[in-house]
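The following exercises concern a single protein chain.

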Amino acid sequence: MTASLPLVEPAIEAADALRSEQYRFVSALLAGPPSEALLRLVAGLSGDATPLGQAYDALARAAAQTDAGAVEREYFTLFIGVGRGELLPHASFYMTGFLNERPLAELRADLARLGVARAADRHEPEDHIAFVFEVMADMAAGKLPAVMAAQAAFFGRHIAPWAGQFFDDLAIAPGAAFYRPLAEIGRLIVDIETRAFALAGHGTGRGTGTGT
């Protein structure tokens, strides 16, 4: 994604920097199959005793036991396929049963208000899970003008209604191996963010999704 607004990035809290890194990490692995270099970096990760840390450990082990060619074939099976993959990682499909429906139009409207445009070399509709996670990463990092309430609204409108189910489906997809522990990471991020926004007094209902 690209932001059309030339912003000076503000200093952010360590917790928000970590949130941004988590979102961007999952986004990068779901936007396309990782290179061998990225896969080796993933293999070198280590987590802690928390559920999220354990999920990162599992992903590192999976990365160490495979190679970029195998993961590329897995990615094709899961998300592209001959005709279609095992999963369609789009909000419209999960929320309406069809692609390119109202959730995509609503997302595009919110992205326009944020000054965000899809990069020219990306062809997937913007309601792809990787794209909306990347937007959240940019919000958390301060690259997009969104206070916490606006982040919660965007999350509640474009991620919370469907992403948890997508990650549950990815975890049990027949073709998933490397992507199975990534599904657990994604599911935990969604759960953590949902609870954090609620504790901060920011509901994740279908709100406006934008603001400063």
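**Exercise 1.** At what angle do helix α2 (residues 36–43) and α3 pack, and how far apart are their axes?

Solution. The model is predicted: local features need pLDDT of at least 70, side-chain atom pairs count only at pLDDT 80 or more, and totals for chains, interfaces and linings use all residues. Residues are numbered from 1 along each chain as its sequence is written, and side-chain values use heavy atoms, with hydrogens and water left out.

Step 1. Helices (H or I, at least four residues) and strands (E, at least two) are DSSP runs, numbered from the N terminus. Axes are lines fitted to C-alpha atoms, for helices over the stretch in contact, and angles run from 0 to 180 degrees between N-to-C directions.

Step 2. Between α2 and α3 the angle is about 135°, and the axes lie 7 Å apart. α2 is therefore oblique to α3; angles under 35 degrees count as roughly parallel, over 145 as roughly antiparallel, 65 to 115 as roughly perpendicular and the rest as oblique.

Step 3. The crossing of α2 and α3 is left-handed, that is, the near helix is turned anticlockwise from the far one by less than a right angle.

Step 4. In contact terms (heavy atoms within 4.5 Å), L39, R40, V42 and A43 of α2 meet L59, A60, A63 and A64 of α3. These residues divide into seven nonpolar, no polar and one charged. Ala, Val, Leu, Ile, Met, Phe, Trp, Tyr, Cys and Pro count as nonpolar, Asp, Glu, Lys and Arg as charged, and the others, Gly among them, as polar.

**Exercise 2.** Determine where G44 lies and whether G44 is buried or exposed.

Solution. Step 1. G44 belongs to the loop between α2 and α3.

Step 1. With a relative accessible area of 59%, G44 is exposed; buried means under 20%, exposed over 50%, and partly exposed in between (1.4 Å probe, protein chains only).

Step 2. Between the C-alpha atoms of G44 and A63, which are 19 residues apart along the chain, the separation is 8.7 Å.

**Exercise 3.** Describe how α3 packs with α10.

Solution. Step 1. Helix α3 (residues 51–64) and helix α10 (residues 179–199) form an angle of about 160°, and their axes are 8 Å apart. α3 is therefore roughly antiparallel to α10.

Step 1. This crossing of α3 and α10 is also left-handed.

Step 2. On α3 the contact involves P51, L52, A55, Y56, A58, L59 and A62, and on α10 it involves P181, L182, E184, I185, L188 and I192. By class, the contact has 12 nonpolar, no polar and one charged residues.

**Exercise 4.** Which residues of the largest nonpolar core touch the most other members?

Solution. Step 1. A nonpolar core is a set of buried Ala, Val, Leu, Ile, Met, Phe, Trp, Tyr and Cys residues joined through side-chain atoms within 4.5 Å.

Step 1. The largest such core has 55 residues, of which L30, F133, F167, L170, F178, Y179 and I185 touch the most other members. Helix α7 (residues 129–140) gives the most to this core, with nine residues.

Step 2. Apart from neighbours within four places in sequence, L170 contacts L30, L78, F79, L87, A176, Y179 and A183.

**Exercise 5.** Characterise the backbone and setting of N100.

Solution. Step 1. N100 is found in the loop between α5 (91–96) and α6 (102–114).

Step 1. N100 has a positive phi of about 60° although it is not a glycine. Most residues other than glycine have a negative phi.

Step 2. N100 is exposed, its relative accessible area being 51%.
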